[in-house]
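Here is a short tour of a structure, written to be read with the model open beside you. Please have the sequence and the 3D view ready.

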Amino acid sequence: MIPIRTDLAVIGGGCAGMAGALSAKAHGVKDILILERSPHLGGVLHQCIHNGFGVFQFHEDLTGTEFADRYERRVEAENIAVLTETLVLSVAADHTITAMNRGGLITIEAKAVLLATGCRERPRGALLIPGTRPTGIFTAGTAQRYMNLEGYLVGRRIVILGSGDIGLIMARQFVLEGAQVLAVAEIQPYSTGLTRNIVQCLQDFDIPIYYNTTVSRIEGAQRLTGVTLVKTDAHGKPVPGSERQLACDTLVLSVGLIPENELAYQAGIPLDSATGGAVVDDRLQTALPGIFMCGNSLHVHDLADFVTAESEEAGRHIAACIGERRCLPRTTVPVSDGEAVRGVVPRQITVGTEGSVCLRYRPAGRVTRCRTAVYSGDTLIAQKRHLVVTPGEMCEITIDRARVKGPVRVQVER
Amino acid sequence: MEFDVIIIGSGISGACAAREISRYRLRALVVEKGYDLCAGATRGNSATVHSGHDAEYGSLKALYNVRGNAMYDALCADLDVPFTRSGTVIFATNEAEMAEVRRLKENADRNGVPGCEVLTRDALNALEDGWGGDVVGALYAPTGGVVCPYTLAFALCENAAENGVAFRTDTEVRGIRRTDGGYRLTTSRGELTAACVFNCAGTHADEMNNFVSGHTLRIIPRKGEHILLDCKLAPYVQRVWSQTPSALPGGGHTKGMGVIPSVDRTVILGCDAHEVHDKDDTSTTAAGTGEILRYFERNWRHLPISRAIPEFPRSMVIGAFGGLRPHSDTDDFVLGQPADAPGFYNMAGIESPGLTAAPAIAEALVAQAAQSRGWVKNPGFNPLRRRPKPFREMTADERREAIARDPDYGRFVCRCEQVTLAEIKQAIRSPLGARTVNGVKMRTRAGMGRCQGGFCGPDVVRILSEELGIPMTEVTRCGGDSRILAGETCVEEEP
Amino acid sequence: MTTELICINCPLGCRMSVTIRDKQPPLVEGNACGRGAAYALQEAVRPMRVLTANMKAKGCARPFSVRSSAAVPRERLLDCAAALKRCHPSLPIHIGDVVLTDFLGLGVDIVATQNLDFSPNL
């Protein structure tokens, strides 16, 4: 069977893949093929009917669907090739991709590969919430899909576990659809979603949020009939005696997103346990030359605007690498997580070059009146003041490559 | 009598019995109280085919364990069910446990278990590299294996159905009386009569027996919880591993806390054992799953997998489930006709090693019944059952050919477990096919992977809705009240 | 009288306060931009929200998403959502189509934010 040859193969047609493809094209890459497993481009944005997108990229307030549509129309206008309903089965170190669709098996040979495969939701099983296994338990994204793509309500008396954004967004949608949202339970002492969503999704509708609280038991033989809420201590462990029952027919889980990196794992690409994504250098290139990663599969973002900004960087670097004919190895210094910081991306910075690098990271906890400090060796090379940083909101800091002389450390200090 | 034989229950016992009975020309019916086949104990266990080294010598458990174990290769080949004779390692971490290993070896020999060996640590590492920690030696039982219990039960039922046995699900037996010529069963769907009855009712087998016999039975449900690990760990686990039983939490009630490389590549950890009161309570508990986690956090270092993965990988946990063992208070299987109930064949108390023993028990009991009742062989009996090869097991050429023949093989539904639309439709359309989300899940594995149905769930519901011709709001997880969806959106409320 | 609030205009989520003072303009503190100040003044007096929701077209089981062209009073959100359920426009629907004008007399339009021009199946 004749392989398809292309300059850049993009795996994943969500906004990360689309923005990366468009940026690569704008920087001179000629042949680009996007491979997408669902029937449409846009990824999960197709089911994000709420607004708040595009504030940074377009200076407009768009819904997720409108934001995706902007990229989809540009992909079409730029004549970027797209194969939908096509699932990639494997990616090899030599960039050979095996995929499949109704037409059969496909082999693609590409000069460069961009992995933009997004993320999945943490399910009940991964949390080991004890109890029965009735129907009525959904992750928030699945409930969102039922509501916004299929047109169905998953339940009428709903408890939400986790204050992640998707759960908060769905709380509002449930209420507007006529269901009751009884409570949001969050194991941390603070919200893990955007603060604005606490206001416009919970406070606006008088939905109580209980911090330091989790679900310790699920009841119901066939359909969920109730959950047990329990207070948790500073280590997230249940406080005995603080249990209370809440009758409900639906439990919606919004307890974290996990980068979806089966292809990278099978290709032997080293992954970073702090982020779940690949270890990448400041070109967003993985340890395998010519294979890049961006978006939620690299590290889970909060805002699509930052996903596309990161993907645009990837596209620019991919174009440079293809231009060089191959991605030459370079001397790099490592970037590590210092105090109160978790999951800095990228993990390597090239020395001896110019320009700036955007470091993205999450604080390990909620800290007020602090600064992010970036050290090269013992020298402070960048800093940024904050009123508050919280794990639910990814942070960025830009550093000057010329100032990087030794191992880099990012930390949050009082 | 309406039927020659009625079999109560479609778990591994009932399924084995049904297939044996289908060798004879009989009017036979299986009644199952669940909405789908195999709704009880067979669904939630450790998926292990035991060697028989630890069964009590002289018991029915020992006899049928060893005999059943030997039948598995041929049985699974006939039914096209994956079975791996992986071998079992029972490891010891000190001299007391090593003494137990030696006792188990003596017991194995007495039970007629072939091939068991006592290994020193070095010999164990020659067999399988990487054993460390405090391990001093082990019992190696090469006849131990793994099978998917409900896949086997479904296959047995399909073969029985093809050979003429009828099946009725959603039919609960609520009473049984002796009548002239046999038995009258009162069920949730009306009265049935049969010349003889096979009691394969799992945790409810005592109730069935006690309807007709003064020799009462008592089944005490013993719950065992299990934890599932991502199939990424499958390459590191080649054999079933377990520490000597007495070393384990829960002591004597359980066979052990094992690491089981299931045939589906998910790694199963478990299980503990606690008596429960409710015969249908398969819920997991914080204490139960906690016990499993704590055990493995402490003991991971002994296992070969710890060379590659030094710490117990909590992030690899994808789920947990509970299963009920139907433990008879006689501590053994209860088999055959009670003296006061001729024609009523008990297959009761089928706790571990029930999965292993069931084919042998069914063979013996059905042969006995056939002889005493003069049953005539079914000349058309076909022992072979073929399943369509799952996409995930196909080679590239087989995949190309499958997609060319049926483009639905080119459309993924569950990408975590690589299940295509073609297979899901087959699972629904075949005789004794799936009618629920769980039915699709158990026949195809869609929804059993790392995302636990988060992505494919809505697609499976839609496919069931289209195939069964019912609205999506009527699709259930497992029948009854377990509807997935509460209603349509954008519907005007009643004033 | 001082109201504390969090801005929802952009992800910064500035914590602001609005103090209504006698014979002086209200005092807004904590905002990082002009839009935030405007939001704070409005929120303290009469909170407004953009409505995003689904509708179903005639003869179509799948929904399509819509938004209000501008914010509506927060207290009207629930009856706006209920009113949308009673409307079933015809296919096709394209992003940007004005589906309903001057919705409920609130001076905003309801605009489609998804394309729906076929009866989709699996």
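## A strand pair across two chains

Strand β11 of chain A and strand β23 (residues 487-488) of chain B pair in the antiparallel sense over two bridges. Here, strands are DSSP runs of E with at least two residues, helices are runs of H or I with at least four residues, and both are numbered from the N terminus; two strands pair if DSSP finds at least two bridges between them. Within β23(B), B:Gly487 is the residue opposite A:Leu153.

Some notes on reading the model: it is predicted, so local features need pLDDT of at least 70 and side-chain atom pairs count only at pLDDT 80 or more, while totals for chains, interfaces and linings use all residues. Residues are numbered from 1 along each chain as its sequence is written, chains are lettered from A and ligands numbered from 1 in the order in which they are written, and side-chain values use heavy atoms, with hydrogens and water left out.

## Where chain A meets chain B

The contact (heavy atoms within 4.5 Å) takes in 46 residues of chain A and 54 residues of chain B. About 4,200 Å² is buried between the two chains, 54% of it on carbon and sulfur atoms; buried area is the accessible area (1.4 Å probe) that two parts lose on being put together, summed over both. On the chain A side, A:Leu128, A:Arg133 and A:Tyr152 lose the most area to chain B, together 16% of what that side buries.

Seven salt bridges cross the interface of chain A and chain B, each a side-chain nitrogen of Lys or Arg within 4 Å of a carboxyl oxygen of Asp or Glu. A salt bridge joins the side chains of A:Glu262 and B:Arg450, at 3.6 Å from N to O. Among the elements that each supply at least two residues to the chain A side are α4 (140-150), β11 (152-153) and α7 (262-266). The most comes from α4(A), with five residues.

## A sheet within chain A

Chain A also holds an open sheet of five strands with parallel pairing, in the order β10-β18-β12-β13-β14. At the edges stand β10 (137-139) and β14 (209-210), each with a single partner strand, so one side of each has no neighbour in the sheet.

The partner of β14(A) is β13 (residues 180-185), and the two pair in the parallel sense over two bridges. In that pairing, A:Tyr210 of β14(A) is the bridge partner of A:Ala185.
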